[in-house]
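Open the model in your viewer and keep the selection tool at hand. Can you walk through it one stop at a time?

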Amino acid sequence: MQHNIRLGVDIGGTFTDVVLEVGAAQFSTKVLTTYAAPEDAIIDGMHQVCAKAGIAPGAISQIIHGTTLATNALIERRGAKTALITTEGFRDVIEMRTESRFEQYDLNLQLPEPLLPRQHRFTLSERMDAQGNVLIPLDRADVEALADQIAPMGFESIAVGLIHAYLNDAHEQVIRDVFAQKLPDVMVSISSEVSPQMREYERFNTTVANAYIKPLMKSYLGRLKGRLAEEGAGCPIFLMHSGGGIISLESAAEFPVRLVESGPAGGAVFAANIAARYDLNKVLSFDMGGTTAKICLIKDQTPKTARVFEVARTYRFKKGSGMPISIPVIDMVEIGAGGGSLAHVDAMRQIRVGPESAGSEPGPACYGRGGARPAVTDADLTLGKLDPDNFAGGSIQLHADASATALSELGAPLDMDALTAAHGLAEVVDENMANAARVHAVENGEDLADYTMIAFGGAAPLHAGRLCEKLGVQRLLVPTGAGVGSAIGFLRAPFSFEATRSVYMKLSDFAPKTVKTLLSDMETEATGFVRTCDADADIHAEYKVYMRYTGQGWEIPISLTRAQAMAPDVATFQSLFEADYTALFGRTVAGMDIEITVWAVNATTDAAQADALAEVSTESRVQANAKRSLFDPALSKIVDAAVIARADLAQGATIPGPALITEDETTIVVPSSRQATARVDGTIDINEVKA
Amino acid sequence: MSNVANQVMWNRLISIVEEQAQALVRTAFSTSVREAGDLSAGVYNADGLMLAQAVTGTPGHVNAMADAVAHFIRRIGRDNLCEGDVYITNDPWEGTGHLHDITVVTPSFHNGNHVGFFACTAHVVDIGGRGFGADAASVYEEGIYIPIMKFADRGTVDQTLIHMLRGNVREPDQLVGDLYALATCNEIGQRRLAEMLDEFALVDLNGIGAFILENSRRATLEKIAGLPQASADGGMTIDGFDVPIDLRVKLTIEKDRMICDFAGTSGLDKKGINVPLVYTKAYACYALKCAVAPEIPNNAASLAPFEVTAPVNSIVNAVHPAPVALRHIIGHMIPDTVYDALDKILPATVPAEGAGCLCNFQVSLRPAPGQDGARSEVLAFNSGGAGARPTVDGLNATAFPSGVMTMPIEATEHTGPVIIWRKELRPDSGGAGQYRGGLGQFMEVGATKGYEFDFSAMFDRVDHPARGRRGGESGGPTTISRDDGAAMQGKGKQFVPDGARVILGLPGGAGYGDAAARDPDLIKRDLARGYISAQSAMDDYGLSEQTVAAILDAVAKGETA
């Protein structure tokens, strides 16, 4: 690496993780997040790791930052006073949503309030049609009058979302110009820049979200830059974005909605880097913490990306209960399943787990802080996966009797004792996660049987083995540094920028010259942007077109090679589409025209090179002295598991399941069906043992 | 199988049918399916009993499709089920109530044994005939009829059927594309089921099926047993096509079942708003489930304790060949009718009346005389306001009881030269009350210059707005007219010339409780947001002129209420 001293910082809900890399050496710390001034925790953490490394902050050459602040501002509605300007007749698009109920059987259902109340939404007479032609021209005088009208209202930020602006941005540009002249202190976000995609609700909402958090994020990022400079770290600062790449601080301040979920994106990049180290082309990353689990597919060492996701779900993580954000994101499923997730028995006498969480106060019953309901951690303790005397490095004493009481109460209506109830609870939560992974795989046309799982986050190693059994995944890797995985991921992420265009083209009207020009222009735009972040790195471009049969509403992404993009040919486009469509849905639809709707060029520097991995020369079976009773769900019985500290496993050491590999933050459960081997880099490599 | 394994498999089946539904959305062509989610997907045991149904979908399909597979087994014959077969129908009485709903059933095989079925339903934009609307005098005019038959025989698609269908509909590519999407989604379900059976080393669904049905039956019966055993009458009068329609129900709660008897309801209508009993059952059952057992998943056993009867050839039990294309209008009014009765037995449980039926229209566009251009069919689903609830306001412009979504207008405008000029909330349309009814919406519909169109209206509550409960006021009625001043009707196909627009005011939900008891902060909020006008704030909620002026002044200054 040319930048040999780099700092990765991840601000999470509870902890701010800081990782410093000096050459090959890595120093990390976790400090409590400081909500009032988040930069304080960063400064504190930076000094801690600099001290550990024995360097001054001035020696840091680059800081990469990711944060949940943008997400939290949306969830907690702590954004700026914001107005929306939209097309006359469409004032309520962000309030009317999809006009449907996300939970059909709840007669008292409440829908989430829109980010902006109705009196802060204004309209202008203007209209584009579905081809991007002007139906009603926009009168500049109307815009000026509106600017005068709202000038005294005290808005800090303005979102502009006009119908069909993804096809023609002329009117949005006029509005921005007028406001820049009339109200130069007010920030303006326009939908044709923030999210140029069809479907007005998603596009407007994304633009409003961007405008809503922009003053907050711009001010925070400005302060952060200043504080870091004061503390001696005057190096460039970059931000991790939701799509898994890095952008400049300035563009993050302009499009802060792109920072939403940047922490989990860092986790996916972390897993992708491990995948590269092990030369794995099909990886399922599994990140499980205290309240949620995140699952992501990583193909060819690149996390899957998507174009829309939902933030701030208000109703038991239920799909549709949040707000849609359409930006390039790493495609993840997040479900309410973590160590603190609570269980109950419903009317069908089914055990249900989560998304309600015990949090850290009172915590699971076994924390002995007054929690009476059983959480996933209680089940893990009762099943023997955790050692009550050595949890969190011995800092929290766990109470097995409290877990047993809570689980007995759970099991009572089902005639289950505490152990059976724990088994049931753990199986339900594991099944929930496995189902989420399966659905996610199917949506992407993937079969998990030939995938490798990479697990990180505090609770993941306790559940990953069982998940692999359920999913038919044969190999599981638990890397080191898993506790600060996202922050490490930031340091492995490439600089990248995706340029997109909504241009409709049927293959029957395929125009090779137009296509070549379009893709070349986008390549120039995207590459130029990345060049501003890194003056001399190699930059390469990835070309994607989103295609569907004419008349369908949802596209599938088709990747093109550079040669295919620069010498576009209709037969190639058609055969690429048909092959991918068949892989996803089984058969093509005969006799239908095919169309392209969205074009994307992603320019990126190379991802961090994975460190070469020396092969373990010899594998040696180790004998563990300690044993503990462990319930093995696949066998439905208690087995005698070997217990060994991760630190005591030398390179090449192999231990058959059932086994428990312990460390301060967590325990790795090796099921009876598998065996574990310690790799050169400290990764625990867990494989199915063929019968 | 252990209890734990059964619990896992039940969750898995629900997850499998959800994947099935998502595959349908991703591959469908009609906006009704891909944008609005007017569909349903489910898995059945070998006897045709439904075991699990996708959460994605709408109640009219959900509950109606539960009965459909039994008809397929009877018509195809148990001995004729082959691996690779795909069956199809749009029979209103053996499917989901009108010709526009295509139901596709795929027998599921595992290691050569028949283990069950996957079924799915979707609403297609066009099925030929007179087009989607109320105007037909019999089902024969409403489109092409596909009896229960094989779409694919051991993997080979019936090309004769495809040719026949292509030749009989206005949007052949869309229809054929949707048929493939329906078949595809069942295949996806089947792949997952096979994996589950392998993982748990099962040869069939008998054990897990019995577990699901037994637990669901017991849970539902426990809920019903906890209700008062009583009987009550309910009723509602709505517009109908030419003459008003009386909906009447007698609801009886016994210790192990709930019975809705629609005796006393109006007879058949001459136009296509009649309802096959299967669809009446679907919505009556949905209404009761929401109120008494909302959390129990739909399957054969959880639906069984809800019984629905109606006299033959009443409008809610129309038999062949009655016209039924718009059966949803009255079907969607069934829950409000049932709630009129249920409210007398379980007070403070059910909402006031709402818009009820979806406010749909279909536009058939063609070039005006002397102009060039293509014809096209555009369908739009829209919602009025929902009724206020016993402790919260009604939902603005949100479907109830239907579970479908609206289509983005940007997507709609890509399907033809239609222009939606307006789609936004309609102030003052929510019935006043302690809890206000949900607002309806305004819409304006026109076409690109050079096109004229037929506007097929499917609205009710023009003359019979939603009625309030416990002193709440009625919701705003439906209004419809042309911008050039020409009058229009709430139902039926109506010509709109080049350059003219249809102006719609979709109805609001009714209020709950006396408006005088409304929280003053909510009244002020409603005024600040423009949900209610200054006039309504004073007339309906008793705000003084000064208070109103102060609130409007604060809004103009940008102060947040």
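**Before you start.** This is a predicted model: local features need pLDDT of at least 70, side-chain atom pairs count only at pLDDT 80 or more, and totals for chains, interfaces and linings use all residues. Residues are numbered from 1 along each chain as its sequence is written, while chains are lettered from A and ligands numbered from 1 in the order in which they are written.

**Stop 1: where the chains meet.** Select chains A and B. Here 72 residues of chain B are in contact with 59 residues of chain A (contact: C-beta atoms, placed from the backbone, within 7 Å). Now pick out helix 1 (3-27) of chain B. This helix gives 13 residues, the largest share of the side of chain B that touches chain A. Helices and strands here are DSSP runs, numbered from the N terminus (helices: H or I, at least four residues; strands: E, at least two). Colour that side of chain B by class: 30 residues are nonpolar, 23 polar and 19 charged. Ala, Val, Leu, Ile, Met, Phe, Trp, Tyr, Cys and Pro count as nonpolar, Asp, Glu, Lys and Arg as charged, and the others, Gly among them, as polar.

**Stop 2: a sheet in chain B.** Find the open sheet of seven strands, in the order 2-1-5-4-3-6-7, with antiparallel pairing (strands pair if DSSP finds at least two bridges between them). Strands of a sheet pair through backbone hydrogen bonds, either parallel or antiparallel. Which strands of chain B stand at the edges? They are strand 2 (50-53) and strand 7 (156-157) of chain B; each has a single partner strand, so one side of each is left without a neighbour in the sheet. Strand 1 (39-45) of chain B joins strand 2 of chain B through three bridges. Click Gly42(B): its bridge partner in strand 2 of chain B is Gln53(B). Helix 1 of chain B returns here, packing on the sheet and touching strand 1, strand 2 and strand 5 (113-123) of chain B.

**Stop 3: two helices.** Select helix 4 (159-166) and helix 5 of chain B. They pack at an angle of about 145 degrees, with axes 9 Å apart. Axes are lines fitted to C-alpha atoms, for helices over the stretch in contact, and angles run from 0 to 180 degrees between N-to-C directions. Show the side chains of Ile162(B), Leu165(B) and Arg166(B) on helix 4 of chain B, then Pro172(B), Leu175(B) and Val176(B) on helix 5 of chain B: these make the contact. Five of these residues are nonpolar, none polar and one charged.

**Stop 4: a covered strand.** Go to strand 12 (360-367) of chain B. Six of its eight residues are buried (20 or more other C-beta atoms within 10 Å of the residue's own, C-beta atoms being placed from the backbone). Strand 12 of chain B pairs antiparallel with strand 16 (451-458) of chain B over eight bridges. It also pairs antiparallel with strand 13 (376-380) of chain B, over five bridges. There, Val363(B) has Val378(B) as its bridge partner.

**Stop 5: domains of chain B.** Colour domain 1 (3-217) and domain 2 (351-426 + 438-510) of chain B; the bounds come from an automatic or database domain assignment. Their C-alpha centres are 30 Å apart.

**Stop 6: domains of chain A.** Finish with domain 1 (1-59) and domain 3 (264-494 + 675-691) of chain A. Eleven residues of domain 1 of chain A are in contact with eight of domain 3 of chain A.

Note on methods: Two residues are in contact if their C-beta atoms, placed from the backbone, lie within 7 Å. A residue is buried if 20 or more other C-beta atoms lie within 10 Å of its own, exposed if 12 or fewer, and partly exposed in between; C-beta atoms are placed from the backbone.
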